Amino acid sequence: MTVDDTGSGAGADGRVDPPDNPGDPTGNPGEDPLALRLEGLILGAERRYTPFQAARSAGVSMELASRFWRAMGFADIGQAKALTEADVLALRRLAGLVEAGLLSEAMAVQVARSTGQTTARLAEWQIDSFLEGLTEPPEPGMTRTEVTYPLIELLLPELEEFLVYVWRRQLAAATGRVVQAADDEEMVDRRLAVGFADLVGFTRLTRRMEEEELGELVEAFETTAADLVAAHGGRLIKTLGDEVLYAADDAGIAAEIALRLIETMANDETMPELRVGIAFGTVTTRMGDVFGTTVNLASRLTSIAPRDAVLVDSAFAEELIRSGESPASEAEAAEAAAAAEKEGEEPPTYRFGLQPMWQRPVRGLGVVEPWLLTRRPGTA
């Protein structure tokens, strides 16, 4: 719902020329009546304003209003009368945060963009995978129109409450991570373990499988990966169909997630083989995503990892060794066990094993020394 910055269609006194079809508030004579009814139900208000009028009512310049709407991902509606009181209130709130000095204008636009992109994907997912199936007429002779409106009417308040609950939970967790950062610089540029998990041969699969089968495979992969990442304390950054990107504050957590992913997929005959690459280092976080050399290195390691295996960089290996999660070598593990036995003590327990691989050049990153990550026997 981005708009025309010039406020075309509005006179100097703010009055707007009537639409081509006076009976249709959008000026689009072909708009579906059910779609309009559903919009009114979901938005909880009727269309009253053109973009120019909404900006003026909110006390916001047309230029700033346009920036906010574009950031939220709204389509261009010109100067059609399609906005509601809620749109005016949203503009007032964002502009008020800027005026109060709580956010800079750039930060307010970023808030609008992150919220718009995240909720757009959520809405598309709910319609494609959830509401579309539920609104299929349950009995012959019923139309989708007869089913959709009352169903949305029942679901809307429940889904809204659930969305706010999950958002508050996620916000609390993210805030907790930030306040525990060592300094202000670490709040943005943090040391994290970043992992990519990639389905092997996915391109070939797309040529052999039907679209529905392929969609089911991708959904199963993403669901399994998301559940495993969350259950073991990581954060799913994004999914890319045949690939997932996750992060963890702790190298041991990232290693456990990677090996669980490999083990779980290997036990599912319907799934292709998997490979995982992990790197540890400074990462820049923006709008829920991660950037930087560490992320690029994790991606490159994934591309060269053997099937059903995990490759990690030397910094990640050092972090596992430093934290006592892995011995530097099997010889060191044997020496530590022998020394403990001699002293009558329990030998150290290591969850993971590390095997150095051949150094190799990686495009754009120079020569890297990958390590093969394994689970030590009896630690699953």
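A crossing of two helices is called left-handed if the near helix is turned anticlockwise from the far one by less than a right angle, and right-handed if clockwise. The structure described here is a predicted model, in which local features need pLDDT of at least 70 and side-chain atom pairs count only at pLDDT 80 or more, while totals for chains, interfaces and linings use all residues. Residues are numbered from 1 along each chain as its sequence is written, and side-chain values use heavy atoms, with hydrogens and water left out.

The chain has 13 helices and ten strands; these are DSSP runs (helices H or I, at least four residues; strands E, at least two), numbered from the N terminus. Of its 380 residues, 36% count as buried, where buried means under 20% relative accessible area, exposed over 50% and partly exposed in between (1.4 Å probe, protein chains only). Contact means heavy atoms within 4.5 Å. Among the contacts with a separation of 6 or more, 67% join residues 24 or more positions apart.

Two helix pairs can be looked at in turn. The axes of helix α2 (residues 51–58) and helix α4 (residues 85–99) come within 8 Å and cross at roughly 50°. Such axes are lines fitted to C-alpha atoms, for helices over the stretch in contact, and angles run from 0 to 180 degrees between N-to-C directions. Angles under 35 degrees count as roughly parallel, over 145 as roughly antiparallel, 65 to 115 as roughly perpendicular and the rest as oblique. The helices α2 and α4 are therefore oblique to each other, and their crossing is right-handed. From α2, Ala 54, Ala 55, Ser 57 and Ala 58 make the contact, with Val 88, Leu 91 and Arg 92 on the side of α4. Sorted by class, these are five nonpolar, one polar and one charged residues. Here Ala, Val, Leu, Ile, Met, Phe, Trp, Tyr, Cys and Pro count as nonpolar, Asp, Glu, Lys and Arg as charged, and the others, Gly among them, as polar.

In the second pair, α10 packs against helix α12 (residues 314–322) at an angle of about 110°, with the axes 9 Å apart. These two helices are therefore roughly perpendicular to each other, and the crossing of α10 and α12 is left-handed. Ala 251, Gly 252, Ala 254 and Ala 255 of α10 meet Phe 316, Glu 319 and Leu 320 of α12. This contact divides into five nonpolar residues, one polar and one charged.

A nonpolar core is a set of buried Ala, Val, Leu, Ile, Met, Phe, Trp, Tyr and Cys residues joined through side-chain atoms within 4.5 Å. The largest one has 38 residues, and Ile 278 and Phe 316 have the most contacts inside it. Helix α10 (residues 251–266) gives this core its largest share, nine residues. Apart from this core lies another, of 20 residues, including Tyr 49, Ala 54, Ala 58 and Trp 69.

Phe 316 touches, beyond four places in sequence, residues including Ala 193, Ile 278 and Phe 280. Phe 280 lies in strand β4 (residues 274–286) and, at 8% relative accessibility, counts as buried. From C-alpha to C-alpha, Phe 280 is 8.3 Å from Val 312, although the two are 32 residues apart in sequence.

Finally, Asp 308 has a positive phi of about 55° although it is not a glycine. Asp 308 is placed in the loop between α11 (293–304) and β6 (309–312), and with 32% relative accessibility it counts as partly exposed.
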